[in-house]
Amino acid sequence: MTEIDEDAWRTEVRAFLDANARPRTGLDDWSASPVHDDPGAEAAYFERCRAWQRTVFDHGFAGITWPREYGGRAGTPWQQAVYRDEESRYDVTSGFLSSTIALAGAALLAHGREDQKQRYLRPLLRGDEVWCQLFSEPDAGSDLASLKTRAVRDGDWIVDGQKVWTSGAQHADFGILLARTDLDAPKHHGITCFVADMHAPGVEVRPLRQMTGASHFNEVFLNGVRVAADAVIGEVNSGWTVARSVLAAESAMIGSSTRFDPVVEVLRLAREHGCERDPVMRQALARYVTRERILGLLRERLRRDIRAGNRPSVDGSVMKLLWSQARAARGELGVALLGADALADDGANSDPRFWRVELMSRYWGSIGGGTDEVHKNHVAERVLGLPR
Ligand SMILES: Cc1cc2nc3c(=O)[nH]c(=O)nc-3n(C[C@H](O)[C@H](O)[C@H](O)COP(=O)(O)OP(=O)(O)OC[C@H]3O[C@@H](n4cnc5c(N)ncnc54)[C@H](O)[C@@H]3O)c2cc1C
């Protein structure tokens, strides 16, 4: 894109957002609080996210880099980055849907057959059909290739096993399922990726209640679930290749979304509670803000790489680690600044609940999308070249 095109694109995006959304104002925005301990409120939040995704799709801004024949816009990653940047200034979100679209989309676009792309991609992108990721198991998380869920050929495939930490399974129509199809092959080679119908007999979804009170993820039990022979994504026993595409999309996505400006909110809290002159708090604030600024500068560097069509000059694991550390620091700081108010909450003000949830959600960042320790291993071995 030329500079003029870039301006034109931003103008077009802003016109759409101005016409369909309100600018972000702060922690009272509906999009700033994705955690709901009441199932009714959680379902209402999910539907609001879905409504926004439909608006985005219907106006031609969903799947900006996807091919047009699947509902996308055939645009560039840079256009996508500009869109995300602009959208983050408004009180809107597609919530969990944006991640599931990115993950299932990565699997289907890169490895799906043409008939699968035609069947699934458009309803996925509009949020009309919801997907989940059936990868992790009780004994297969970081070491995902040791998964034990089995699929046995019987005309169709019959699947038995258990998945866990499955985000959004309670809303899902389909899952990208990894199952072992060859017990004799080395562990990375005997896995196949399937489209699983979440409404099929034998699929049981049990929500897991987290310490925030919300049930974001689930256990999923698969008992003799029949999966059609043509529901394989990619080749039989080559599911690890599909899994790698999905995990790469997950890493690229994590940390890219912003529901609010954390630095603005933390500094506001410090001022409101008279802590900005406290020498100990000032140190903690300075450390935190520095961390966020470094992250912001690295994000900007990545945006320029995308703009120039270059390979990313910052490793994804470095970004993930900095993001999860900043996220943990801001939760701790928010609660420390509130002091006892963080616990004593009469509901009149959004701050106590918001910062409690931020603190309790810190493990989302340090576990989901690969744990901090696993990313540190990656940085040590692949970036710094240290021995295994
Ligand atoms: C918010 C959230 C959403 C999620 N959504 C989904 C989903 O939709 N679908 C899905 O399939 N999964 C999902 N997960 C699961 C996630 O992928 C796993 O939790 C993650 O891969 C870690 O696996 P585990 O929990 O089994 O921990 P384990 O792998 O058992 O790790 C336990 C501990 O050991 C450490 N460890 C493990 N291996 C090493 C190593 N080689 N070197 C050093 N330390 C190590 C880990 O860092 C961790 O501290 C989600 C998780 C979270 C937090």
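Student: How far does a polar side-chain atom of Ser142 lie from an oxygen atom of the ligand?

Tutor: The separation is 2.6 Å, from a polar side-chain atom of Ser142 to a ligand oxygen. Please keep in mind that this is a predicted model. Thr371 also places a polar side-chain atom 2.6 Å from an oxygen atom of the ligand. In the case of Ser167, a polar side-chain atom lies 2.7 Å from a nitrogen atom of the ligand.

Student: And how much of the ligand's area does the protein bury?

Tutor: The protein buries 66% of the 970 Å² that the ligand exposes when taken alone.

Student: How many residues surround the ligand, and which are the closest?

Tutor: There are 15 residues around the ligand, and the closest are Ser136, Ser142, Trp165, Thr371 and Glu373.

Student: Let us stay with Trp165. Where is it found, and what is its phi?

Tutor: Trp165 is found in strand β3. Its phi is positive, about 60 degrees, although Trp165 is not a glycine.

Student: Is Asn237 buried or partly exposed?

Tutor: Asn237 is partly exposed, because its relative accessible area is 24%.

Student: A new topic, please: where is Leu178, and is it buried or exposed?

Tutor: Leu178 has its place in strand β4, residues 174-180. Leu178 counts as buried because its relative accessible area is 0%.

Student: What is Leu178 in contact with, leaving aside neighbours within four places in sequence?

Tutor: Its contacts beyond those neighbours include Leu134, Phe135, Leu144, Leu147, Ile191 and Ala243. Lys163 and Thr149 are also among them.

Student: And how far apart are Leu178 and Ser136?

Tutor: Their C-alpha atoms are 8.8 Å apart in space, while 42 residues separate Leu178 and Ser136 in sequence.

Student: What about Glu265: buried or exposed?

Tutor: Glu265 counts as buried because its relative accessibility is 8%. It lies in helix α7, residues 262-272. The side chain of Glu265 is joined to that of Arg268 by a polar contact of 2.9 Å. Not counting residues up to four places away in sequence, Glu265 touches Gly26, Leu27, Phe260 and Trp355.

Student: How does Gln118 count, in terms of accessibility?

Tutor: Gln118 is partly exposed, because its relative accessibility is 46%. Gln118 is found in helix α5, residues 114-126. Its side chain makes a polar contact of 2.8 Å with the side chain of Glu114. Leaving aside neighbours within four places in sequence, Gln118 is in contact with Glu69 and Tyr70.

Student: And how far is Gln118 from Thr93?

Tutor: The C-alpha atoms of Gln118 and Thr93 are separated by 26 Å, and the two residues are 25 residues apart along the chain.

Student: One last topic: which residues make the nonpolar surface patch of about 330 Å²?

Tutor: That patch is made by Met211, Tyr363 and Ile367.

Conventions:
Residues numbered from 1 in each chain as written. Predicted model: local features only at pLDDT ≥ 70, side-chain atom pairs only at ≥ 80, totals over all residues. Heavy atoms only, no water. Helix = DSSP H or I, 4+ residues; strand = E, 2+ residues; numbered from the N terminus. Buried < 20%, exposed > 50% of the residue type's maximum accessible area, 1.4 Å probe, protein only. Contact = heavy atoms within 4.5 Å. Polar contact = N/O pair within 3.5 Å; in protein donor to acceptor, adjacent residues only side chain to side chain. Patch = residues over 30% accessible without salt bridge, like charges linked within 9 Å, V, L, I, M, F, W, Y side chains within 5 Å. Areas by Shrake-Rupley, 256 points an atom, 1.4 Å probe, with all protein chains shown as cover. Salt bridge = Lys/Arg side-chain N within 4 Å of Asp/Glu carboxyl O. Near = heavy atom within 4 Å.
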